[in-house]
Each structure stands twice: as C-alpha cells, then as structure tokens.
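Look over the sequence and the model below.

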Amino acid sequence: FHLKVSDFVKLAILQKRFDTISANHISSLWERVVSGVDAFLEEFDHKIAWECEEMQIEFHTLENAPMVALLSEGDHPTDGNDVLFLIINDIVGGYNRFIRQLADCFDSDIVEELHPRSVSAGCGGAVSVASAISISPSDLTLIVSSYWKPDENRYDLLGLHDALRREIGFHRSPPVIMNPSKALREPFRFREDKLCPHDDTGEPLLVYVSGDNVCFANHQDFSLVDNVRQSLLLLEMSVGDARVRRTLSDNFYTLGYNQLRVMLEGCRSLLASVSKACVDFDSVDTALHTGICWQDSFDSALNLLQSFGFPELSSSQLQLLTSLDATQFVELTNFLSYQLASESYLFANLPLCMTDPLKDDDREHTDTELDNLCEAQGPENVAKYIEEFTRDVLSFYESQIREASTSNRSLKGYLAEANFCDDRDPVCALLPTRVSLHNYVSLRQHLYQRKLRFLSSNPVKMTMKEVKHNFDNSMIQF
C-alpha cells in the first residue's frame, strides 16, 4: 500500500498486463485524469472541501500519490484516503450551488437530477452540464466584474441581476447532479476472481463471464458491458431481434477498439436518459425526441446521438442506428458486446466477405470436438492448442488467407493445399470442411471465446489475503 500510482500506470508496464490497444486506452485515460486533477489541486492550493471541513492534500501531483490514497477503501470519505472521490464531490457541490443560485436569480424551479455516472461517462449528462449556461466562463466573469462598484466596495446587484437574465436567458433551470456519496461512491474491496493458470507470457489471466455467458479478458470491457446490460434490465429490455444481427455486422464490423467502447458508452447514456414509459419506441429516433427530458434544445436526432457520446459514424451507420426499434437496439448492444469480448477489432481491416457468420451446425460440431478433446487432454492443453493454431497458423498466414478469400473455398482445404497446416494440428483436424475462408473472422472470434472458456474452467482458488499478496509482489517485480 506504499506504492505510488506512477509505479505501475506506465505504458511499458501496462503492456505487460494488457494487449497493446487496451494498454494505450488506459494510458491515455490516465493522462487525462492526471492533467485534470493536478490543475484542480493547483487552483485550490491542494485543499478540498468536505461539508464544513477543509482537507489538505498531502501529495503535490497525482502521479506522486500513494495508490491507497485514490481508493474508496474506507467506511467514510474523510478517513485519509479517497482523494479522487473527494475532488469529484467538491466539484459537484460547487456546480450544484451555482445552479441553485442561478435558478433563484431567474425564479426557476430545478426539475431534474442527473446521475453522476451519466456525467462521468462524458455523454448525455456531460452535455447537460456543459450547456448549463449559454455563455463562456470568461464572458460571465466579464459581466460580473463590470457591475463592481470600487468606490462603494460592492456589486450593483440589481444591475447584475438584470444583465444575467438578459445575457443567459434560459427558460428552465439546468439539472443538478445527485449526491455522489449516495449515487457514486462504492467501497473498494480486493475481490476473488477466476484466476486462470497463465497466458502465453506466463502471467496470471483473469476471465470475466457476463450474464449472457460471454467471456472477457479485460475487466474494464466487462464492466462497461455489464453496465449496459443492467440499464437494459432496469428498462425491462432483455430480448434482442437476432434477425438484424447480419445487418449490424455489415455496417459496424469495421469499428476499432475505442469506437466499440464509445458506441457502448453512448448506448449506456441513451438508456439512462430514456424513461421506462417509452421503451416500446418505434425507433431510436422517436425515443430520442419523446423519452429524453433535458435534451429538447436539439433539433436533430443525429446531433442528439453525438451529444450522448456516440462516435463519428458514416451516414449509412447513423441512418441504421436511428431506425432501430427497441428489440433491435437490444441486439445492437449484444452485437457490440460480443465484438468487444471476442476482440473483433483485430480484424477490422479485413474485407467484408471474410465476416460471414459460422453456420450453427459447424459451430456445434466444432464445440463438440473441442469438448471431446478437453475430456481427453484437459482444458489447459486445449486452450494451448487453440492459441498455437490461431497464432502460428491463422495470424501468421493471415495476409495470404486474405488474398485467397476472393473465392469462398474451404479454409481447412486451403491451409492443407498451401502447406500451411494439416490434420496433425489438433485444432485444424477438428474443423468442419464446410468452414470457409469467408468464415475466417467468425471462426477467430469463436475460437478466442472457447479458449477463454477452457481457461476459466480450471481456475486457481485464492483467498483475499493471497490476492493482495500476489498483487503487491507483482508490482514489486515491475
């Protein structure tokens, strides 16, 4: 617990624990956090307000902070840690006081509270906060300073009141943010996960299994998907329309890692803003205009989608997205979740023809043969066989497979004819001959999921004390 955050939040260290794309994402996110927190601490002289108290922050910059200082591991935020939460709480408190004073100035009632997570996601809630007033902070400061009477050492409050009403001129009060202590803070606990033996680097591999039985190797991806799933359940939206899956794949298979995450974050923010009464919407477009109570200043559904954090999309993608009904929207979240979990972004540059889904019979045959192999040789060995086949054959010869994909021939037959692989490889041997070059991406996704499943079926059980001990030791080794 004496570790500094900077001891392990470095790109070179993150790359030892995560794949390159995930490591870059975490690193860039951390840089934004450091920049924002350091600016806050400098502006307020390293002091944070909590109710009627003022707390002094001991560290000078966030990168020099001890790790435990950033965790909500105590029963109360003021027990000496929890600095990030205290900063968030201070910012929210200042914003809410400003909005309430502004509402009093305009004789307006506050009619909406935003959940802190909808603001921290940087999507719909963040847009509501950012658009609280229509003038910039510098212009607002200029207006206020112009009504200062230095001779009398006071403000012309009546004149300032009229100027604010004239310059800001909103018709309803912006929303306040719910109390972070009740709506955001969660105690940190060391948790026992399924700790699989190791990956190909020899490091422990954690596997997270979602409610719909999809495996994730990255906790941040699992957490995001789980948040979306919980939002759907709260709205009683659980059934997707599988008939639209192929259309979704054709239009969104090129999304990279960050785009997939931002799409899901946009879905999460949209769901958080749609009332339960309108979940039977005819399309996302109508839901945007009938179910969202604060975003009524926007005229276009496309602008609304972007305000909720959806990434920049092509016109055809936007048209498809806004036309989805409730069950199709659920299927979109299912599709995006599986794409993220199965690392489809690694194949985003492959041609569309290589994304044909596996036929159900071929998928079932492959699963049966893999399960039989597992019974004979154990899950660890089967996971190893899958890793070797995908890495040493499919990935190594991917450029040649791509060139050959102009014809829809058998993948297994092509590999044998090109002398790339044959039935001496245990995974190649069990593939159905009907699996074609056009099923390449779908096969890669499915094999990756099965590898994680085999690894998660043989977990190493550890106590909380052992998890903490191993965590500390792994950090020291870095």
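## A buried glutamate

Glu398 is buried because its relative accessible area is 18%, and buried means under 20% (exposed is over 50%, partly exposed in between; 1.4 Å probe, protein chains only). Glu398 sits in helix α18, residues 398–404. Helices are DSSP runs (H or I, at least four residues), numbered from the N terminus.

The side chain of Glu398 makes a polar contact with the side chain of Tyr440, at 2.6 Å. A polar contact is a pair of N or O atoms within 3.5 Å; within protein, one must be able to donate a hydrogen and the other to accept it, and residues adjacent in sequence count only if both atoms are side-chain atoms. Beyond four places in sequence, Glu398 is in contact with Phe347, Leu350, Tyr440 and Arg444. Contact means heavy atoms within 4.5 Å.

Residues are numbered from 1 along each chain as its sequence is written, and side-chain values use heavy atoms, with hydrogens and water left out.

The mean pLDDT of the chain is 79. pLDDT is the predictor's confidence in each residue, from 0 to 100. Of the residues, 77% reach 70 or more. Over residues 191–204 the pLDDT is below 50. Residues 459–478 also stay under 50. Where pLDDT is low, the predicted coordinates should not be read in detail.

Definitions and conventions. This is a predicted model: local features need pLDDT of at least 70, side-chain atom pairs count only at pLDDT 80 or more; totals for chains, interfaces and linings use all residues. Helices (H or I, at least four residues) and strands (E, at least two) are DSSP runs, numbered from the N terminus.
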